[in-house]
Amino acid sequence: MSATSATTPEIKLQVQSLAKLYGQTIALDHVDLEVRKGELLTLLGPSGSGKTTLLQLICGLQEPSSGTVVIDGKDQTHAPVNKRDIGVVFQNYALFPHMTVVENVGFALKMRGLPKVEIDTKVAKALETVGLTHAAGRAPSQLSGGQQQRVALARCLVYDPAIILMDEPLGALDAKLREVMQIEIKRIHRETGATIIFVTHDQQEALALSDRICLMNNGKIAQLGTPRQMYEEPQNLFVADFIGVSSIIRGTVKDGALQTTLGLLPISGARPSNGTNGAIVVRPEAISLGEGFCEGRVRETVYGGSDMRVIIDAGEQEIIARATAATGDIEVGKTVRFGWAPDAVRFLIDKD
Ligand SMILES: Nc1ncnc2c1ncn2[C@@H]1O[C@H](COP(=O)(O)OP(=O)(O)OP(=O)(O)O)[C@@H](O)[C@H]1O
């Protein structure tokens, strides 16, 4: 093995300059993406950003207008769905209602003509992985939503496809069950080493689950990176706004600082030229309350258990800060001073 192959991750999926037009609508605009073996990558983005289209082109439910889809090194751009070695888990489970859990999970193996003893072993292992051994003989109607979703996942795991696609799989579950299933999916992913592409429009879910997040906007990739990179190093204002909570303070550069409605604010790092339009992005935890170079009126406080979100009107500008037990009294309607360390915030150029 050469030194490079030891460090270069194996690529399971390669999407090159993939585009899809529906009439005049550009659903996907020449997207390039590589998914590594064993990673859990989420496709995240607002409604209409192109997530479903990309997913459908990867699994073969739609034909691209241009570009290629390469799976395990083979060009599969025009291959039919059932020839792509891809497992799909949908939000609505799509289980066979007249079959038991065991029959549902074993169905694909039976179709492939595997010997019964091999099917039984593989199905038992898949059910154990998703924690449903005890429910093997039940019908889907006798299972909760979370359990049905586990069966749908077991149905893919059982034949070990190159890639498992999950299209908003937790969308139909209530908040608590969603959290439980997120932790379960993380465990199953770690234990099986499966390559998973997971579609969601919930940024919290993407941050919690992903090895990497592919954030889409208007049919393009706005940024691709680890959850930490997306949160701490957003490359543009769309990413900063979509991932996590932030105050976005717009203005125009003047002599190395940003002229804003809050006054002239320092910019650390970058030295953009005078007249550049941009914004300072401040995460709630970077804001110190009680002292600082700005002042505003507390409009609302939102209790969140371990901390509290504080929404401040500073003239036209909305500021979202975080208060903890250590922060002094914060009362709605009161004036509060606040500020931040210049190197704890980011300056991003406004590209719109
Ligand atoms: N079959 C279709 N015919 C026409 N336009 C379509 C079709 N499918 C998608 N589009 C358009 O393509 C764009 C991308 O849609 P897509 O469904 O991929 O977005 P999405 O990010 O998955 O959204 P959502 O989260 O709402 O499912 C949208 O403007 C959508 O209206």
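Because the model is predicted, local features are reported only at pLDDT of at least 70 and side-chain atom pairs count only at pLDDT 80 or more, while totals for chains, interfaces and linings use all residues. Residues are numbered from 1 along each chain as its sequence is written.

The C-alpha atoms of the protein occupy a box of roughly 75 × 50 × 45 Å along the principal axes. Nine helices and 19 strands make up the secondary structure; helices (H or I, at least four residues) and strands (E, at least two) are DSSP runs, numbered from the N terminus. The protein is divided into domain 1 (9-237) and domain 2 (247-349), with bounds that come from an automatic or database domain assignment. Taken over C-alpha atoms, the centres of domain 1 and domain 2 are separated by 38 Å. Of the 352 residues in the protein, 36% are buried; a residue is buried if 20 or more other C-beta atoms lie within 10 Å of its own, exposed if 12 or fewer, and partly exposed in between, with C-beta atoms placed from the backbone. Among contacts between residues at least 6 apart in sequence, 64% join residues at least 24 apart, a contact being two residues whose C-beta atoms, placed from the backbone, lie within 7 Å.

An open sheet of six strands has the order 6-7-8-3-9-10 with mixed pairing, where two strands pair if DSSP finds at least two bridges between them. Strand 6 (86-90) and strand 10 (220-225) are at the edges with a single partner strand each, so one side of each is left without a neighbour in the sheet. Neighbouring strands of this sheet are turned by 20° against each other on average, direction ignored; axes are lines fitted to C-alpha atoms, for helices over the stretch in contact, and angles run from 0 to 180 degrees between N-to-C directions. Within the sheet, strand 3 (residues 40-44) and strand 8 (residues 196-200) run parallel and are joined by five bridges, and Leu 40 stands opposite Ile 196 in strand 8. Across strand 3, strand 6, strand 7 (163-167), strand 8 and strand 9 (212-217) lies helix 2 (residues 51-59), which runs at about 150° to strand 7.

Strand 14 (residues 277-282) runs antiparallel to strand 19, with four bridges between them, and Ala 279 is placed opposite Leu 348.

Helix 2 also has a part in the ligand shell, giving the most to it with three residues. The residues around the ligand include Tyr 22, Thr 25, Gly 45, Lys 51, Thr 52, Thr 53 and His 201, each with its C-beta atom, placed from the backbone, within 6 Å of the molecule. Strand 2 (25-36), like helix 2, supplies at least two residues of the shell. By class, the shell holds two nonpolar, nine polar and one charged residues; Ala, Val, Leu, Ile, Met, Phe, Trp, Tyr, Cys and Pro count as nonpolar, Asp, Glu, Lys and Arg as charged, and the others, Gly among them, as polar.

Finally, Asp 120 is found in helix 4 (residues 116-129). Asp 120 is partly exposed, because 14 other C-beta atoms lie within 10 Å. From Asp 120 to Pro 169 the separation is 49 residues in sequence and 26 Å in space, C-alpha to C-alpha.
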